[in-house]
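Please read it with the sequence and the model side by side.

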Amino acid sequence: MTAAPINAFAFFARGVDGFYLPADAPGHALVRSGTPEVAWARSILPPDRVLEFHAPTLRHEVYPTTESLLANSDLAQTLIDGNIRDLLLSSSCTPAMHAWSRQHGIRFLAADFQHQRKLENKIWFDRFLRSVGIRCPAGGTLTVGRPPPRLPRGRLVLQIADSMGGEGTFFVDDRAALASATQAAQLTPGQRCLVRQFVEGLTYGITIFVTPGAIALSAIRSQCYYPHAGDGAPLRFAGVQWIPSQRIEPATRREIDRVLLKLGDQLYRLRYFGVANVDFLVDTRQRVWIIECNPRMSAATPQWLARPELSGGLDCGRRFLQGFQTRRRYTAGPLRYGMPETSFAGATLDLLLPEARAPLTTLTRSPISGSYQAQARRIRRLGPDIRVSADQQQFELLSFGAAGQQADGETTLGSIFTSLSMYAADGTFNALAQRMAAEFRYTD
């Protein structure tokens with residue numbers, strides 16, 4: 001792809017992805033008035049590259065959804081006044097967000113809305129996998145209040161059809177427990193779910209980048225979680241841990257490449273464009289099972305963008321931006337890039353309140369965004385810039401929460417990115433993650 005100039009675009013500073021796109025791309029950081037992001041963004045970007053918008057009804061919320069921000073702010077006028085019509089979207093696009101985009105003439109830099117809606121629908125994606133011969137767990141569609149379909153014996157996984165990411169996923173002991181599981185999940189009559197066999201194995205995530213003329217796989221990572229509180233409490237997502245390619249058996253690598261590139265081929269045939277984050281499983285026989293697809297940015301995207309080694313050296317950020325500014329020509333026989341050789345073992349950590357806290361807790365501390373260094377006796381702040389450094393002992397913190405705000409145990413208060421490992425092989429915290437969570441806490 002030729003190095004065509006890139007038009008001005010905006011991105012949410014809290015989404016962080018925009019900071020890791022090409023340095024010469026004219027990205028403008030959107031910051032919500034009255035939040036710590038305002039002063040921080042202005043300390044690392046030129047004044048004309050920071051756009052402040054107002055959302056007074058959301059002033060007490062730490063991390064409003066993107067849909068809520070669009071609906072309850074002057075963001076559209078802020079973009080129009082700045083002569084910007086492109087908005088990088090890190091989250092899924094809901095119908096209400098799609099309508100907002102059309103109403104205001106603001107283009108989302110994201111996968112096509114219809115592709116997102118189909119691929120993120122668990123039932124549609126399951127049928128799609130079966131139609132193209134890609135292995136996925138056996139199962140069927142359950143409509144709440146109606147007799148269940150024929151299902152395999154043993155443990156099952158129930159997923160609400162239109163849920164996003166890990167939300168709306170429930171583990172069920174067997175077929176007999178389905179009715180009680182739907183009641184416990186407060187599902188309503190007529191709601192459609194995907195029910196599939198629980199497959200024992202190790203779960204991973206991978207990014208498939210699909211662009212005209214090329215399909216590229218990222219390195220793989222594992223999803224990691226906060227220590228489980230027990231008593232039926234849900235797992236709380238903590239972050240991702242990238243896995244060096246040399247730790248994966250050659251035969252397993254070949255199978256991952258085969259299956260995921262086949263999925264990439266099918267996305268290419270759909271004329272999909274952009275990032276698709278796929279969860280998959282490797283069982284004890286080294287077979288690869290596709291679980292679900294999230295056709296959007298994810299917790300792993302900032303490091304994937306910042307470190308070309310995670311995508312085989314491809315400048316995916318530039319290709320992504322330019323793909324919105326030129327006519328896309330999907331030629332036959334795209335170049336296919338399998339998992340890259342990489343020694344990167346970095347990780348991310350989302351900062352949450354301790355799970356034992358009450359439903360709403362007033363924050364009393366305000367960790368400061370910026371670059372830090374973990375030393376033997378203390379953690380030292382180096383400066384405000386979170387863009388990745390070559391220093392292996394350095395890490396970056398993007399902080400959202402501030403003293404006086406209120407949050408619950410599911411609210412992301414900040415995110416840490418590091419080239420160091422923060423999790424054990426089973427996805428539990430290592431000593432560094434424990435130290436980070438203790439150091440950057442939001443309550444006393």
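**Notes on the predicted model**

1. Strand 6 and strand 9 run antiparallel and are joined by five bridges. One of the facing pairs brings Gly139 opposite Arg196 in strand 9. The coordinates discussed here and below belong to a predicted model.

2. The two strands of the first point belong to an open sheet of four strands, with the order 6-9-7-8 and antiparallel pairing. Its edges are formed by strand 6 and strand 8 (169–172), each of which pairs on one side only. On average, neighbouring strands in this sheet are turned by 25° against each other, direction ignored.

3. Helix 6 lies across strand 6, strand 7 and strand 9 of this sheet, and runs at about 45° to strand 9. Its buried residues are Lys122, Ile123, Phe125, Asp126, Phe128 and Leu129. The cover over these buried residues includes helix 5, strand 6 (139–143), strand 7 (156–160), strand 9 (192–197), helix 8 (250–269) and strand 14 (288–294). The reader may wish to note that Lys122 and Asp126, though charged, are among the buried residues of helix 6.

4. At its start, a side-chain oxygen of Asn121 comes to within 3.0 Å of the backbone nitrogen of Ile123. After the helix comes Gly133, which has a positive phi, near 75°.

5. How do helix 5 and helix 6 cross? The axes of helix 5 (residues 113–120) and helix 6 (residues 122–131) come within 5 Å, with a crossing angle of roughly 85°. Helix 5 is therefore roughly perpendicular to helix 6. The contact is made by Lys118, Leu119 and Glu120 in helix 5 with Lys122, Trp124 and Phe125 in helix 6. By class, the residues of this contact are three nonpolar, no polar and three charged.

6. A further open sheet has five strands in the order 3-2-1-4-5, with parallel pairing. At its edges stand strand 3 (50–53) and strand 5 (107–109); each has a single partner strand, so one side of each is left without a neighbour in the sheet. From one strand to the next, the twist averages 35°.

7. Within that sheet, strand 1 (residues 9–12) and strand 2 (residues 27–32) run parallel and are joined by four bridges. Ala10 is placed opposite His28 in strand 2. Helix 1 (residues 37–44) packs on the sheet and touches strand 2 and strand 3, and its direction makes about 155° with that of strand 2.

8. Strand 18 (residues 370–374) has five of its five residues buried, so it is largely enclosed by the rest of the structure. It pairs in the antiparallel sense with strand 20 (residues 394–399) over four bridges, and four bridges also join strand 18 to strand 19 (residues 379–383), again antiparallel. Ser371 illustrates both pairings: its bridge partner in strand 20 is Glu396, while in strand 19 it stands opposite Gly383. A hairpin through four residues joins strand 18 to strand 19.

9. Is Phe324 buried or exposed? This residue is found in the loop between helix 10 (316–322) and strand 15 (335–337). Phe324 has 9% relative accessibility and therefore counts as buried, the cut-off being under 20%. Neighbours within four places in sequence aside, Phe324 is in contact with Arg107, Phe108, Leu109, Ala110 and Phe273. The C-alpha atoms of Phe324 and Ala438 are separated by 42 Å, and the two residues are 114 residues apart along the chain.

10. Thr342 is likewise a loop residue, found between strand 15 and strand 16 (347–351). Its relative accessibility is 5%, so Thr342 counts as buried. The side chain of Thr342 makes a polar contact, at 3.2 Å, with the side chain of Glu309. Apart from neighbours within four places in sequence, the residues in contact with Thr342 are Ala219, Pro244, Ser245, Gln246, Glu309 and Leu310.

Methods: Residues numbered from 1 in each chain as written. Predicted model: local features only at pLDDT ≥ 70, side-chain atom pairs only at ≥ 80, totals over all residues. Heavy atoms only, no water. Axes fitted to C-alpha atoms, helices over the stretch in contact; angles between N-to-C directions. Parallel < 35°, antiparallel > 145°, perpendicular 65-115°, else oblique. Contact = heavy atoms within 4.5 Å. Buried < 20%, exposed > 50% of the residue type's maximum accessible area, 1.4 Å probe, protein only. Polar contact = N/O pair within 3.5 Å; in protein donor to acceptor, adjacent residues only side chain to side chain. Pairing = 2+ DSSP bridges.
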